[in-house]
Amino acid sequence: MDDRWRRLGGLLVNYSTKVRRGEKVLISMLETDSYPLVIGVYEACIKAGALPQVVFQSERLNRSLLKYGSNEQIDTLPELEHHGMEWADVYIGLRAASNPHELWDVDSEKLAKLRSTMGKIATLRWQKTRWCLVRIPTAALAQQAELDEETLLDMFFDACLVDWENLCKKWQEWVEVLNKGHQVRILGRETDLSFSVKGRAWSIDDGHINMPGGEISTAPLEETVNGCIYFDTPVVFAGKFIRDLRLCWKNGKLIEATANSNQDFLHAILKVDEGASKIGEFALGTNPNLRYFCYDLLLDEKIYGTIHIALGRAYPKVGGTNQSSIHWDMVKDLRSEGEIYLDGNLIFKNGQLLI
């Protein structure tokens, strides 16, 4: 086994989640490709004196539920997962990328229901546990990214196995500037979006909640969101590729949502609950070792020079108040064309922060 899996397992246990002796650790193993990292995490937990348990999940199993299950089955909160969030002190989600088209022929309404159910489990995760999520590169992800597997795997480990302490010092300097501002405006291709962050804080993901980490996020005041944002690259959610997505708000209310593919799925997600059509998060990607789009949110949202918004659930730690069972990150690449202004001052241009 590649020794980098053990190094990463140790990092997740001893740095990201700081597992202590006697703590209960729920390790979620998504797809069999995650097994090398499962070993690394499990061994590190045992060495730390913790009590780890492993659960297995798969998109292939979700396909069976969605193809043959009733609405009642899809709506039912999985009891073992629910109990696991109550049981665990720490949750580590090892999410190996699967075939992105596994759910290609699933009814959009059913898929939206399942995402809502899964979102309720996710809410319990961040309410009840210390947690970290990892997107694990696979052959399927390499094909999706149009990269060879070695390049993808090297980029992944380069982005994970870094000097997090020194990176965080630089990011903290950026946060100190951002926390002094109130009004954000984003300009880019077919994009002019503005909102207030007055009274909200900015938070650093330095590898404690996602691995690789690398984002600085906040929560807009929902009623202050005005304007439009266009996504040049596909936005992906639940295996659905939403192309040429355009969203517009007026005083916080979504007034336009169009796409050239899977628009029915887009609209099904937006009506899951009242908060699903509002922006719960705005963030800057800051990881310098992520370079290539993989069309996977957990990786793409960390690319330095990108931004992302999340529809739905906001995180209270930054002052966010929007509630939803959905948290849908959407990444926009500003590396070749884009500007960000804070209180009228240019702080970002063409992929580079100027603060």
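The model is predicted, with local features requiring pLDDT of at least 70 and side-chain atom pairs counted only at pLDDT 80 or more, whereas totals for chains, interfaces and linings use all residues. Residues are numbered from 1 along each chain as its sequence is written, and side-chain values use heavy atoms, without hydrogens and water.

Helices (H or I, at least four residues) and strands (E, at least two) are DSSP runs numbered from the N terminus. Helix α1 comprises 14 residues, 3-16, and spans 19 Å from its first C-alpha to its last, close to the 20 Å expected at 1.5 Å a residue, a value taken as 1.5 Å times one less than the number of residues. K18, which follows α1, has a positive phi near 50°.

Five strands form an open sheet in the order β7-β9-β15-β16-β17, with antiparallel pairing; strands pair if DSSP finds at least two bridges between them. Strands β7 (203-205) and β17 (327-333) lie at the edges, each pairing on one side only. The twist averages 25° from one strand to the next. Strand β16 (306-312) pairs with β17 in the antiparallel sense over 7 bridges, and L311 stands opposite W328 in β17.

Helix α9 packs on this sheet, touching β7, β9 (215-218) and β15 (279-285), where contact means heavy atoms within 4.5 Å. The direction of α9 makes about 155° with that of β7; axes are lines fitted to C-alpha atoms, for helices over the stretch in contact, and angles run from 0 to 180 degrees between N-to-C directions.
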